[in-house]
Amino acid sequence: MSAQISVVITCYNQARYLGAAIASVLAQTYPPTQIIVMDDGSVDDSQAVAANYSGVQYVRQLNQGVAAARNNGFQQSTGEFVVFMDGDDRLMPSALETNLNYLRAAPACAFAFGSRIAVDAVGVPLPGWEWNYTGEDHYLELLLGNQIHCPAQVMHRRAAFESVGGFREFSNSAEDYDLYLRLAQKFPLCGHREVIAEYRVHGTNGSHNHRLMMQSTLTILHAQRKFIKGNRGYEQAYKTGVRRCRESFGDKLFWSVVADARARQWISAMQKTSFLLRCSPRALAKNLGHKINKTRSVGK
């Protein structure tokens, strides 16, 4: 019996990329049963782009954020398996077939996920990244950090997704990370190295808001404390994950402060610096020290 797969494509003012996203789903070696474009209140030509593709279900909502759009798209879906993808990403041709095969081989798993490649705004590949998951304990590895960089890498089992209530709509940043952790608390996961998706990197990615990403990620990690209490391995992974979050986003936010200062955007620079002092003072001190030393070296 053929598996029923629904693909939910969420978009917000991504008409420029949406056609490529839809085309990548239509070109799958294992065709999906259903393709839903969930428009989160776009003011561009997203609806017109979706209308160019027959068999695509277009649903529009008032702007509520990506978590709400994904949940609403899920409510419109009927498949036993569901894939969420952003309107600026693309699936590799065998993405659905590959993840489906892994889920069929591991019926206890909540979702299967593979690797991804990053591309720029026009689709040119960017430098790769290191795959660090061992597959031994995905919950522990997720505590260390989320390496599932785009939702299109994942195929969800509908029953598992429903059992945790879907995406929590407390934030429109890192809501996928929160979902993966909650699922990993209850179910095994199935990770593999095969490339599933292209993650498009451009100036309007939500992940470029480093302050919001740090706040959301720390909130999500802090919510794990009750579950990990008494498990030394999880407690250590949690501490490492918090430290990595502060360092990684703190480094990026510091250079955002530098860019603001160069552009004489003083209010933004001061707000970000204040946030760094509260949430990542080590990253601020480290990068400030490096910049001072570099300036001194240049001046010699």
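Two strands count as paired here if DSSP finds at least two bridges between them, with strands (E, at least two residues) and helices (H or I, at least four) taken as DSSP runs numbered from the N terminus. With that in hand: Asp 39 has Arg 60 in β3 as its bridge partner. This is a predicted model, where local features need pLDDT of at least 70 and side-chain atom pairs count only at pLDDT 80 or more, while totals for chains, interfaces and linings use all residues. Residues are numbered from 1 along each chain as its sequence is written, and side-chain values use heavy atoms, leaving out hydrogens and water.

**The sheet**

- Eight strands make an open sheet with mixed pairing, in the order β3-β2-β1-β4-β7-β6-β8-β5.
- β3 (56–60) and β5 (90–91) are the edge strands; each has a single partner strand, so one side of each has no neighbour in the sheet.
- β2 and β3 run parallel and are joined by five bridges.
- β7 pairs in the antiparallel sense with strand β4 (residues 81–86) over two bridges, and Phe 81 has Arg 157 in β7 as its bridge partner.
- β7 also pairs with strand β6 (residues 111–119), antiparallel again, over three bridges; here Phe 113 stands opposite Val 154.

**Which way β7 points**

- In a regular strand, side chains alternate between the two faces of the sheet.
- In strand β7 (residues 154–157), Val 154 and His 156 point one way and Met 155 and Arg 157 the other, and all are buried. Buried means under 20% relative accessible area, exposed means over 50%, and partly exposed is in between (1.4 Å probe, protein chains only).

**Helices across the sheet**

- α3 lies across β1, β2, β3 and β4, at about 145 degrees to β2. Such angles run from 0 to 180 degrees between N-to-C directions, with axes as lines fitted to C-alpha atoms, for helices over the stretch in contact.
- Helix α3 (residues 66–76) has buried residues including Ala 67, Arg 70, Asn 71 and Phe 74, and their cover includes β1, β2 (34–39), β4, α6 (158–163) and α7 (175–186).
- Helix α4 (residues 95–105) lies across β1, β4, β5, β6, β7 and β8 (190–200), running at about 160 degrees to β8.

**Nonpolar cores**

- The largest nonpolar core has 50 residues, of which Phe 111 and Leu 143 touch the most other members. A core is a set of buried Ala, Val, Leu, Ile, Met, Phe, Trp, Tyr and Cys residues joined through side-chain atoms within 4.5 Å.
- Helix α10 (residues 232–262) gives this core its largest share, ten residues.
- Apart from that core lies another, of 34 residues, among them Ala 15, Leu 100, Cys 109 and Ile 196.

**Gln 14**

- Gln 14 sits in the loop between β1 (5–11) and α1 (15–26), and counts as buried at 15% relative accessibility.
- A polar atom of the Gln 14 side chain lies 3.3 Å from the backbone nitrogen of Gly 87.
- Beyond neighbours within four places in sequence, Gln 14 is in contact (heavy atoms within 4.5 Å) with Asp 44, Ser 46, Asp 86, Gly 87 and Asp 88.

**Cysteines**

- There are zero disulfides (a pair of cysteine sulfur atoms within 2.5 Å) in the whole structure.
- The closest cysteine sulfur to that of Cys 190 is in Cys 109, and at 4.9 Å it is too far for a bond.
- For Cys 279, the closest cysteine sulfur is in Cys 245, 9.2 Å away and also too far for a bond.

Methods: A polar contact is a pair of N or O atoms within 3.5 Å; within protein, one must be able to donate a hydrogen and the other to accept it, and residues adjacent in sequence count only if both atoms are side-chain atoms.
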